[in-house]
Amino acid sequence: MSLSMARSFLSEACYGEQELDANSALMELDKGLRSGKLGEQCEAVVLFPKLFQKYPFPILINSAFLKLADIFRLGNNFLRLCVLKVTQQSEKHLEKILNVDEFVKRVFSVIHSNDPVARAITLRMLGSLASIIPERKNAHHSIRQSLDSHDNVEVEAAIFAAASFSAQSKDFAAGICNKVSEMIQGLDTPVDLKLKLIPMLQHMHHDASLASSSRELLQHLVNSYPSTPMVIVSLHTFTQLAAFSLIDIPKQLQLLLQYLRDDPRKAVKRLAINDLKLLAKKAPHLWIRENTQTLCECALTIPYNSLKLGMLAVLSTLSGTIAIKQYFSTAATSSSIPPRLTDLVKLAQECCYHSNLSVAAHGVVVLSSIAISCPEKDIVQLEQDTVLGVESLLMLCSQDSSPSGQATLKTALTSLVKLLKNRPHLSQPAVEFLLGQLHLSCDSSRVLMCHALAAIATHLPVLGDGMLGDLVDLYRVASHSSTGEQQELLVSLATVIFVASQSSLSSEVKTVIKQQLENVANGWTVYRIARQASRMGCHEFSSELYQCLRTRVASEHFYFWLNSLKEFSQAEQFLSHVEEGDYSGAMSAIAEALRSYQKGIASLTAASTPLSPLTFQCEFIKLRIDTLQALSQLICTCNSLKTSPPPAIATTIALTSGNDVQRCGRISMQMKVCMDEFRGLAARYADLHQSLFDADYATLRNVELQQQSCLLVSHVIEALILDPQAASFQEHGTSGSVQTESEYERRMMSVFNHVLVEVEGLSKKHPPVSHLHTNCLCDAVIALLKVPLSFQRYFFQKLQSTSIKLALSPSPRTPSEPIPVQNSQQLTLKVEGVVQHGSTPGLFRKIQSVCLNVTSVLQSKTGPDYKIPLDSKTNEIEQRVEPHNDYFSTQFLLNFSILGTHVVTVEASVVDESGIEWKTGPKTMVSVKSMEDPYSQQLRHQLQQSGTQPAPQRSSYIRF
């Protein structure tokens, strides 16, 4: 019964769910461990990894591992094996064991057993713990002893442990190297044992002399033992050692290429190819032209397709790096052969038309990379050869629905898109070819081609109109059934149509899409198409789709979510009808949009749940509402110039007061309020941007553009009316290095540039303030409103999920009870944290370090007022700590010299690999009650009884 309770508790470990009492689960598992039945004990042991995953803090992990160590010490070999598996699965939690000595002592006691299997399991256990006990001499000694054992199981376990400790400990690696060398070269050592000992040499890279001696031994083995297994193991260990030590990579490249060229055995060639690919990823800059040339010559002469495929995979890896540029730059200086006639180009051109699809795919990748990175006079012919090779491969794969055919097609399309982005003049014929192939391809191939067309049209929008007709014709006949591929095709085709139409769908296109959706599309397909329409700015069409979907969902929360999306789309649809110069119409459109937005935000709030709070969506919509209200207020302020112009004596008032802004009358103060409001909105957008650590790049760029539009309006107000001389437009984008190309971004940047040109021209010609200035402001507002808002992916879908869980110690017994501390002492606050990830950690950015900010504020004061230094009233400390295995820990020393209750706030933020800080939270608060120490209290009472004025209270500042 206890195990079933623990199992049900651990199965509820849903991401983001409120934590239950972990101690209860540990107690239930402990009951299982103390059970008399072997099955219940084993079941309890294997449940521990789930417990560690649900509550990954040291205090529980330490207790759990000590219990497991007891089971390991007292149980049978099967229980020991279960504990070993749990330890290996929980490798990243090992460093959280607090009582390492006690844990190792209990485990190590089994090494003295008479059972060789028990000793072998113990050795593997010690090897799994090598990361936390790398310098334990008793473990080192036991491993060395066990290498001489006569039991094969124990020797294999000792080899595993020796390899683990060699990777962690320089001293152990230096000490064991000679013994391993003797065993490998010893005549009494069986060959199969030598094959297991040799890989240990890859860890002998801690210093140059150790690496050199290991390399000499491996060279001796390669020369002395020519059998296939020995050569394969020795060469691979050679490569691993070179990859770690780095300085030997050029020599290793030559050795591998020598075996690839001269050794007739296919297994050895295959091993050489795999190792070459590893070194191509590790250090492509160390590949000189001779290395690449040798690989090309081998690939040209090899008769086996499987080996040729491997060599081309190595060249494909190198083709996107500096090695390919180095190849052609050296070729250009050393000989008069043009790049088009080199062996590398010949090989790529030959392989583009190979009968093996995988070989042809790698040939296309290499050839397209050469065409992109080889800008020289003979490039025209090379570009044509590349396009012909890609088109022939596309034609071959487009009707092949097998997994290999689809993988080849995806590779070819990726290479084509990459080529067209760098060589736009090749785009028109390539797009026409893809449109022609769409009618002849299978459904799965059509989906991939649609993705490629969408990428091309996004980068080159001028091609959109040309492909729209063919796409609509294909959509009419695209789907005749409700299979998964047909549904995916409907979504992909609709996406390309939205991109090509540039957010202005004709009624004919809408009718065609709706007809197909009514015939064969399911609800999820309709939602995906509506979502894509919202992302591309086709809000009128998306509003109609959301409207029909609302009543087709099974949950109240889904209904409110779809209803909110419908309202947001309707609001943006109202704004799209604004005409230039129609200022009253703009105010009416904003009012209608605000009405829909207010309805939508109410539905959005109702759609949120504790597991899905929709924080970003609500904040983004609130900012959009506030921005529209500010724009409407700005138009009203501009109109006030007509109803309340500056008085005739405004210039005199300005000269008298010395405030030049007074010459514009009351509109100047109103404009200053508007400018401050837009700057506040820009700051709020910046705060929102800083909280989106898990957002995709397009969403971040979208928030940046909203922020910059607010800064633009504030700049225009300042440049036209308030202070034309001092105005300067600053783009406060927090990650300006991010470059996301989209139609929405292009249109926004076009509006920005146009408005800035108009403002600059007007401010030079006319002094403020006149109807020209207010009209320019209103025109800027309308230009911003006419760009359809893009609801990016993060609004609908969260691909990366990262959260931080904090634990503070000391912690109060109850949440409302403060932590007591004497005012003459300082509180040591320990902060521990765990980084939790979703299904795809590090998809967009990874955590480099965690920034912890601790502040304390005096909430209520109990003692009398004394003159105490200002810095003793509050604490404000910041530390950065790098998480290891998603865990971090640090301590803060806090001073509470003032009697009373203090509120301590610990806030976490993360720093990514680019050094950008993201305000992800969480924020944890704890109360601390500072009390007078007994000595000071006694002294004060004595002074009060004697009638003497009490001295200032004793604190850490008075001691010195």
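1. Some ground rules. Residues are numbered from 1 along each chain as its sequence is written, and side-chain values use heavy atoms, with hydrogens and water left out. As this is a predicted model, local features need pLDDT of at least 70 and side-chain atom pairs count only at pLDDT 80 or more, while totals for chains, interfaces and linings use all residues.

2. Let's start with rings. The whole structure has 22 aromatic pairs (rings of Phe, Tyr and Trp, its six-membered ring, with centres within 6.5 Å; planes under 30 degrees apart are stacked, over 60 edge-to-face, the rest tilted). One of them, Phe-165 with Phe-172, is tilted, at 5.8 Å centre to centre and 55° between the planes. Phe-165 is buried at 0% relative accessible area (buried means under 20%, exposed over 50%, partly exposed in between, with a 1.4 Å probe and protein chains only). Phe-172 is buried too, at 4%.

3. Now look at Phe-568 and Phe-791: their planes are at 20° and their centres 6.4 Å apart, so this pair is stacked. Phe-568 sits in helix α31 and Phe-791 in the loop between α38 and α39, 223 residues apart (helices are DSSP runs of H or I, at least four residues, and strands are E runs of at least two, numbered from the N terminus). Both rings belong to one aromatic cluster, which also includes Trp-561 and Tyr-597.

4. Finally, find Thr-292 in helix α17. Thr-292 is buried, at 3%. Beyond neighbours within four places in sequence, Thr-292 is in contact with Trp-287, Leu-315 and Tyr-327 (heavy atoms within 4.5 Å).
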